[in-house]
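Please look over the structure below.

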Amino acid sequence: MPDTVTVSNRHGVAILTLHNPPVNGFGFALRTGLRDAFDETRQNNGIQALVITGSGKMFSAGADIREFGCTPPPGTPDLPELINAIEASEKPVIAAIHGVALGGALEVTLGCHLRLAAPNTRLGLPEVTLGIVPGAGGTQRLPRLIGVEPALTMIVSGTLVSAVKAKAIGVLDEIVEGDLIDAAVKSARRYVDENRPIRRTSTLNDRLTEARNKPEIFEKYRKQMARRSRGFEAPYACVACIEAAVEQPFTAGLVTERETFLRLIASDQSKAQRYAFFAEREVAKIPDVPRDTPNLPIKAAAVIGCGTMGGGIAMNFANAGIPVRLFEVSREALEEGLRTIRKHYASSVSKGRLSQGKMEERLKLISTTLDYDDLSDADVLIEAVFEEIKLKKEVFKNLDTYCKPEAILASNTSTLDINDIANVTNRPGQVIGTHFFSPAHVMKLMENVRGMQTSEQTVATIMKLSKTLGKIGALVGVCDGFVGNRMLYAYRRQADFLLEEGTLPKQIDTVIYNFGMPMGPYAMGDLAGLDVGWRIRQAQSVNRPTHLRYSTIADRVCELGRFGQKTDAGWYRYEPGNRTPIPDPVIERLIISISEEHGIVRREINDQEILERCMYPLINEGAKILEEGVALRPSDIDVIWVHGYGFPRYRGGPMFWADLVGVRTIYEVMSRLADEHDEWLEPAPLLRRLAKEGRGFADL
Ligand code: T1G
Ligand code: NAD
């Protein structure tokens, strides 16, 4: 076993350096290495103090997530006992932190007697994002060190804090501008030479006393976190553990925390969120595009069409510090687009999420033009004009003429064939789809659409660009609606059929909302604008298979001029200036009349059937997409749905959830539904095969 911890001695101070690349994860090997090194130095009379630090890019990313749920579980020492031993040490132990110290790693430093860090260090307890609670004393030591409310914020949100913030709230004792190890050794020497008393976090009590007199803190916190933690177990478990820190003695609180940790680590929610963690890293790996494929530097960008999407896309470039030029058909359209951009930035400033200075800085990076000649210096150009193939081809012909030969031409189309668009240019290898999600400056997903001729370099460049823009890029192939929208259609289609058969928008939306989606299909449609989908359906009507069932309900709603919130009426009606959907008898009457027109006798439909009829066809479409190779992995589909459509992360994504439900169950229900209703519900061959073999999507 390679040495996971090396020990060096500097002026009687032992420096224990963690070595477990790539992130010094506290797996079994590193825990054992640290215990052994610690024991060795503790018994060494030549050592008066210790410094713990990490090698490489960071102190440590915490526990090794890959070990979770392993059977048999990895042996001892476990982290809590290791940290208790460090804290109990008679010799002062100093943590010297750089890069990041996350989860169990931050908990190790909380067991140390002093915490020093390099200026751009980030610290946090992100366990809640993995569906667990900090399991090595974090919920007991952090509130003792910094107080209950700052600890609640850090632990329940799981967000990382900067070194400056960490120092301000008391996590860090010092930020070191110069040589970190040097400073740590000097601090350790001072501790010894001045015989300073050792401060053990677990013995600190003042900050808890404050909270002991204000138990309402927790009720208030539970109320304020309700909306963003809806459906998640871990955030509430975090609050309960911190409450235990206030109400119970330290050792009892540690037991409460550990029991909670072990219960959650075995939960489906945590399995789903850990799966999502690795899926978000796997999605960036393209098997046939080597990691060292050279990618083009993106120093300047341009966005063609500055409507709903174009403006948000441009903001992503400005937010990443990349100058971006907006191109439109008229000065008015440009001004309108800029007004929307300014409005978005101003709202972030008013919410304290952005400084006025940063806003102006970013606006300076956004310029405008009506002239194709001004696009000649852009390295990447993203087209976001109306969803009409003829118009997009015209725009791409122009871009091909005016842009520099090496520039990448991308389309934000949500449904159209990238190959068609590429074929009107002389650089099909540099044409790709970059499908952002609305609102484009907020949603984290970029569905990058690889055409038949898209080059490896273009793929590598755009996948890297996704990361640069703070997005998660998922590479997909060309088909109608790509991955996300194609699966959405399968789910929406059945929802419309259910309306014809007996239910109403409110019931379906409630079922889907309670399942954990941000909203149901009808409230979502009203938010996005029903006219966008209507235009697409009209364009597609020529190729619609006539032998398959089609619901006209959505078209009939649009024919009434009801396009959703933007017209104060869609599937619901809206009071002017209010976005609360109100069921509308007009829609109810329309739906009932359409059932009658089709001779459908409306029936009682229960919530379980709605959930199955909406979610199982979505999964079935995912299976077809995998069979066709339009998506590389089931986990890519899950990343697309979690980050593009708000599929609940605590369910992992539709394909992961399918395995939890059981592929055989889904296959059997789909087969029954197909017999009872329509061919659209015919199980995909892959679904049938997996069901027959008793396997799941995770086995692919
Ligand atoms: N365990 C196992 N593997 C990990 C890991 C971890 N904690 N962190 C990262 N990796 C892998 C990752 O999958 C990838 O692998 C490679 O390292 C590089 O990561 C008791 C129980 C540290 C900010 O939640 O946030 O402590 O894809 O691509 O962008 O209370 O990784 O190359 O094969 O993300 O530079 C809490 C998770 C654990 C931190 C670096 N800790 N990691 O980001 O690289 S629970 C976390 C991160 C815990 C205790 C509990 C980020 C990073 P591969 P990367 P990066
Ligand atoms: P939009 O109607 O809000 O904006 C389109 C803009 O393109 C308008 O400002 C228009 O003036 C401009 N335009 C039209 N012809 C042009 C030309 N020849 N040159 C330059 N500009 C031109 O549309 P949108 O919702 O932003 O959609 C744009 C694209 O993004 C479409 O392909 C759509 O399918 C796709 N998309 C939309 C969404 C969404 O939720 N709205 C989500 C993902 C992708």
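P22 sits in the loop between β2 (13-18) and α1 (28-43). Helices (H or I, at least four residues) and strands (E, at least two) are DSSP runs, numbered from the N terminus. This is a predicted model: local features need pLDDT of at least 70, side-chain atom pairs count only at pLDDT 80 or more, and totals for chains, interfaces and linings use all residues. Residues are numbered from 1 along each chain as its sequence is written, chains are lettered from A and ligands numbered from 1 in the order in which they are written, and side-chain values use heavy atoms, with hydrogens and water left out.

**Loop geometry**

- The peptide bond from P21 to P22 is cis, and its omega is near 10°.
- N24 is also placed in the loop between β2 and α1. Its phi is positive, near 50°, and N24 is not a glycine.
- S438 and P439 are joined by a cis peptide bond with omega of about -5°. P439 belongs to the loop between β15 and β16 (445-449).

**Ligand 1 site**

- Ligand 1 is surrounded by 26 residues; a residue counts as near if one of its heavy atoms lies within 4 Å. The closest are A61, E107, E127, R281 and K285.
- Polar contacts are pairs of N or O atoms within 3.5 Å; within protein, one must be able to donate a hydrogen and the other to accept it, and residues adjacent in sequence count only if both atoms are side-chain atoms.
- A backbone N or O atom of A61 is 2.7 Å from a nitrogen atom of ligand 1. A polar backbone atom of I65 is 2.9 Å from a nitrogen atom of ligand 1.
- K285 uses its side chain: a polar atom there lies 2.6 Å from an oxygen atom of ligand 1.
- On its own, ligand 1 has 1,000 Å² of accessible area, and the protein covers 80% of it. Accessible areas come from the Shrake-Rupley method with a 1.4 Å probe; for residues, only the protein chains shown count as cover.
- α3 (104-111) and α12 (268-282) each give at least two residues to the shell. α12 gives the most, three residues.
- The shell has 15 nonpolar, four polar and seven charged residues. Ala, Val, Leu, Ile, Met, Phe, Trp, Tyr, Cys and Pro count as nonpolar, Asp, Glu, Lys and Arg as charged, and the others, Gly among them, as polar.

**Ligand 2 site**

- Ligand 2 has 21 residues around it, the closest being M309, E328, E387, K392 and S414.
- Two or more shell residues come from each of α13 (308-319), α16 (389-402) and β15 (431-436). The largest share, three residues, is from α16.
- By class, the shell holds ten nonpolar, eight polar and three charged residues.

**Helix pair α19 and α26**

- The axes of α19 (residues 484-501) and α26 (residues 634-644) come within 10 Å and cross at roughly 75°. Axes are lines fitted to C-alpha atoms, for helices over the stretch in contact, and angles run from 0 to 180 degrees between N-to-C directions.
- The two helices, α19 and α26, are therefore roughly perpendicular; angles under 35 degrees count as roughly parallel, over 145 as roughly antiparallel, 65 to 115 as roughly perpendicular and the rest as oblique.
- G484, M487, L488 and Y491 of α19 meet I637, I640 and W641 of α26, where contact means heavy atoms within 4.5 Å.
- These contact residues divide into six nonpolar, one polar and no charged.
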